[in-house]
Amino acid sequence: MFRQNNGRKRRAYERKIDSVEIDRNTEYPYRLNFYHGPPLQEITVEEFEEWAIDRLRVLNELELCEARGEWVEDKPNGGSLGQTMKPILDKYLPLSTSSGKNRAAVVEQERKKDHYSHFILRLVFSRSEDLRNRFIRLERELFKLRYYTDMRAERQAFIDSLNFAWEPVSEEERKSLETKLNWTMAEKEYFKLEFENVLDLVERRQVFLHKGKAYVPISLQHDLIFNQFTRQLEKALIATGKVLPRLDEDDRLVKILRHLADGGIPSTNKIKINTNGEFTADQVDALASKHFPMCMRWMHNSDRARHHAFYDNRTQYGLFLKGIGLSVEESLKFWRSVFNTLTDDQYKKQNYAYNVRHSYGLEGSRQDYRPKNCMEIIKATDTSKHCGCPFRGFEISRLTDELKAMGITDTQELAQVKDLVNKNRYHVACGMVYEFTHKNDTRQLEHTITSPNEYFERSFSLEKGDA
Ligand code: SF4
């Protein structure tokens, strides 16, 4: 019964793919792109930054999937990774098919964003070998995912456009070769090309050779395309690295690119401040142990233990508390309880209360300061002042202790987090910690953490049942 249903679905799918019409007169006739040429139209600085950040989010998520051991599979939806990535791709980098039901203008705009964001990130990731390898690996996965989720007819049209001198092997030729040479061509479809183009396959004895031609089964066509994509991206990134110094003339772009190279997500998004005064100073200890990300948990515990907090620590942690919904009155109470070994006089002299009111915009320049995002906190890591991101600042042994204290004791899970930290993927590691410590969270969330407040929000809303 299942088989019949699948068969019906398959036939419907085949009918659908036959209906794709490729308009070769547009700038982006295909959904897939080998990114041969750089974009030439003007875009705004805001688009430049926003599009790059969106693509970076997608690549970060892919990286987390990779850390979990998930890979793109040769299935129409890309397998389980495809399902994990779908909402993220739909949100940040949608790429519709050329099917008639999608509006041409929307399709064009999506493809334009894809094209531009790829090239902007080339500028970010061509700066070192490590960055280049990372970009190539993730872009290849993204390309594969799109390849497997593409409509067959559109994909084939794209492959044809690449002009790889491939010739399909007809049924007659195949039969005659099988009879003449006593070969069994196990797969349904083959194509042939000059054997010099597939020396690695020849070496691995994965192809038939006849009269200077290699007969490649269709299943290996995918690999050839992916390898070609990778090879040309490698070359392009090296070339981009060489022209980078010339870009240093435009301050605005350089600033954005540096942020992005630091793992900058998101420098433009404003972190929400909960102004409902939801929590009291007395609740902070309990919240810290249950819902705070490692950075805020560390700052909280060390401030409590030392009855003291340095200025940078108070800024990062204080603004985080403001963001989760501590009113200025409750913040004042909380910080007084931290400095509980000082007399009222000593406390007053140090201006601690003034600083708290200042951060709420009630003193001095009266600016309503926002909580810091991960990028800012990671950059400002200083373990001597007990502030910043522990993933960046802690030695591995100390980090392991902290992870265990958060409840991660499984050796494999610990190794996965540490592996990401060793590769400097701090916010990705943080997302993985969230995942390991909130296994009952079945919501489809992005896994990369971009701010401590976001981490808290997810954790707390899960307990509240907002999911
Ligand atoms: Fe905090 Fe962000 Fe580091 Fe996580 S990644 S510990 S939220 S700074």
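**Questions on a predicted protein model**

Me: Where is N424 found, and what is its relative accessible area?

Reply: N424 is found in the loop between helix 20 and helix 21, where helices (H or I, at least four residues) and strands (E, at least two) are DSSP runs numbered from the N terminus. The model is predicted: local features need pLDDT of at least 70, side-chain atom pairs count only at pLDDT 80 or more, and totals for chains, interfaces and linings use all residues. Residues are numbered from 1 along each chain as its sequence is written, and side-chain values use heavy atoms, with hydrogens and water left out. With buried set at under 20% relative accessible area, exposed at over 50% and partly exposed in between (1.4 Å probe, protein chains only), N424 is partly exposed, at 47%.

Me: What is the phi value of N424?

Reply: N424 is not a glycine.

Me: How far does helix 20 reach from its first C-alpha to its last?

Reply: Helix 20 covers residues 411–422, which is 12 residues. The expected span of a helix is 1.5 Å times one less than its number of residues. For helix 20 the expected value is 16 Å, and the reach is close to it, at 16 Å.

Me: How wide an arc do the buried residues of helix 20 cover?

Reply: The buried residues of helix 20 are E413, L414, Q416, V417, L420 and V421. An α-helix has 3.6 residues a turn, so residues three or four places apart point the same way.

Me: Which residues does the UniProt annotation "binding site" cover, and why do they gather at one spot?

Reply: The annotation comes from an unreviewed UniProt entry and covers C295, C374, C389 and C430; UniProt positions are given in the numbering used here, feature names are shortened, and annotations may be inferred rather than shown by experiment. The four residues span 136 residues in sequence, yet they gather at one spot because no two of their C-alpha atoms are more than 10.0 Å apart.

Me: Which residues of the annotated set does the lining of the largest cavity take in?

Reply: On a 1 Å grid over the protein atoms alone, a cavity is a set of points where a 1.4 Å probe fits but cannot get out, and lining residues have an atom within 4 Å of a point. From the annotated set, the lining of the largest cavity takes in C295, C374, C389 and C430.

Me: Is C295 buried or exposed, and which residues does it touch?

Reply: C295 is found in helix 12 (residues 294–306). With a relative accessible area of 9%, C295 is buried. Not counting residues up to four places away in sequence, it touches G388, C389, P390 and P452.

Me: Which residues is C389 in contact with, leaving aside neighbours within four places in sequence?

Reply: C389 lies in the loop between helix 17 (374–379) and helix 18 (390–393). It is buried, with a relative accessible area of 9%. Its contacts beyond those neighbours are C295, I377, I378, T381 and Y426.

Me: What is the strand order of the open sheet, and which are its edge strands?

Reply: Two strands pair if DSSP finds at least two bridges between them. The open sheet has four strands in the order 1-2-4-3, with antiparallel pairing. Each edge strand pairs on one side only, and these are strand 1 (167–168) and strand 3 (208–210).

Me: How many bridges join strand 2 and strand 4?

Reply: Four of the five residues of strand 4 are buried, so this strand is largely enclosed by the rest of the structure. E194 stands opposite K213 in strand 4. Strand 2 and strand 4 pair in the antiparallel sense, and the number of bridges is five.

Me: What phi does K211 take in the hairpin of strand 3 and strand 4?

Reply: This hairpin has two residues between the strands, and K211 is found in the loop there. K211 is exposed, with a relative accessible area of 75%. Although K211 is a residue other than glycine, its phi is positive, near 50 degrees.

Definitions and conventions:
1 Å grid on protein atoms, 1.4 Å probe; cavity = no way out; pocket = protein on both sides within 12 Å on 5 of 7 lines; lining within 4 Å. Contact = heavy atoms within 4.5 Å.
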